[in-house]
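Trainee: I would like to go through the labels used for this model and ask what stands behind each one.

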Amino acid sequence: MSEPLVFTFKVDGGDFTSAGQASVQVKKNLNQIGFPPEVIRRVSIAMYEGEINMVIHADGGVATIKVDENCIEIVLADKGPGIADVEKAMQEGFSTAPDEVRGLGFGAGMGLPNMKRYTDEMTVDSTVGVGTTITMKVNY
Amino acid sequence: MTANSLAEKLKLEVVCCPCPEKEVSGVYIGDLLSWVMGRAKEGDAWLTIMSNINIVAVASLADTAAVILTEGVTVDEKITETAAAKGVNIFTSNKPSYETAVEISELI
Ligand SMILES: Nc1ncnc2c1ncn2[C@@H]1O[C@H](COP(=O)(O)OP(=O)(O)OP(=O)(O)O)[C@@H](O)[C@H]1O
Ligand SMILES: [Mg+2]
């Protein structure tokens, strides 16, 4: 593979009826390319959690997936409120999700930990009042 | 055991079964989506009472073999359509999750 393959998706904020759409599409694309199921599953789970976080916590954002020679890179960038204490946010069980989304099954505070767990590399770059960019890599 | 024969043996109501041959190899019970995402294994039957559109993406991305809505929980048409299109099997049961899980464990 010479040129890396790039997929970009705009993720709408606050829309729970189609939330996760970009991740489902990426899964389909990676399937067609012929990636092993376990690699696809890790990318799918990590991207879904990040996509949903942009929907719930940041009023949407942009997801970019780059298929490189040895890894798949997922970048989730939003202009939401930012995360004041990233270390705390990364802890299992920490959540500021509002009640109405908890009723839908979100808000366990497990999204960021899942992203960490299912990827080989993860960096969170966040500034309060400016936004959040999360970069993850899954090696294959 | 395949998803469709599991549904048959347990007398589950089939809401949609676009991938009847999917192999069921375990069970995960839970309603909080990130727990399911993080802990369910590929091929698990996912037992839940959570019945909204987001279960379709979760089931699809986590590669579960089927969603089984227990305790008589129902799904609306929109969910059924999306699940059918996304290749997600959905069954329902009037029994609680525990009993359903025990029955599955005897079969797989
Ligand atoms: N993109 C983001 N912008 C602003 N805050 C965020 C963002 N992503 C996560 N957070 C903050 O970090 C917290 C923890 O996120 P995490 O995904 O682990 O849990 P959650 O989204 O609250 O619940 P779950 O993912 O289990 O449904 C969130 O509750 C929120 O406060
Ligand atoms: Mg989350």
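Predicted model: local features only at pLDDT ≥ 70, side-chain atom pairs only at ≥ 80, totals over all residues.

Mentor: Residues are numbered from 1 along each chain as its sequence is written, chains are lettered from A and ligands numbered from 1 in the order in which they are written, and side-chain values use heavy atoms, with hydrogens and water left out.

Trainee: Why is B:Lys95 called partly exposed?

Mentor: Buried means under 20% relative accessible area, exposed over 50%, and partly exposed in between, with a 1.4 Å probe and protein chains only. B:Lys95 has 33% relative accessibility, so the label is partly exposed. B:Lys95 sits in the loop between E5 and H5 of chain B; helices (H or I, at least four residues) and strands (E, at least two) are DSSP runs, numbered from the N terminus.

Trainee: Which residues does B:Lys95 touch, not counting residues up to four places away in sequence?

Mentor: They are B:Thr70, B:Glu71, B:Thr100 and B:Glu103, where contact means heavy atoms within 4.5 Å.

Trainee: What puts the buried residues of H5(B) on the same side?

Mentor: The buried residues are B:Ser97, B:Thr100, B:Ala101 and B:Ile104. They cover an arc of only 100 degrees around the axis, and therefore lie on the same side of H5(B); the arc is that of the directions from the helix axis to the C-beta atoms. B:Tyr98 and B:Glu106 are exposed on the other side of H5(B). The buried residues pack against helix H1 (3-9), E2, E3 and E4 of chain B.

Trainee: What makes E1 and E2 of chain B edge strands?

Mentor: The open sheet has five strands in the order E1-E5-E4-E3-E2 (chain B), with mixed pairing. Strand E1 (13-16) and strand E2 (26-29) each pair on one side only. Two strands pair if DSSP finds at least two bridges between them. Strand E3 (residues 44-48) and strand E4 (residues 66-69) of chain B run parallel and are joined by four bridges, and B:Trp46 has B:Val67 as its bridge partner in E4(B).

Trainee: How do you know that the radius of gyration of chain B agrees with a compact globule?

Mentor: The radius is taken over C-alpha atoms, and the globule rule is 2.2 Å times the number of residues to the power 0.38. For 108 residues a compact globule would be near 13 Å, and chain B has 12 Å, so the two agree. Buried residues make up 56% of the 108 residues in chain B.
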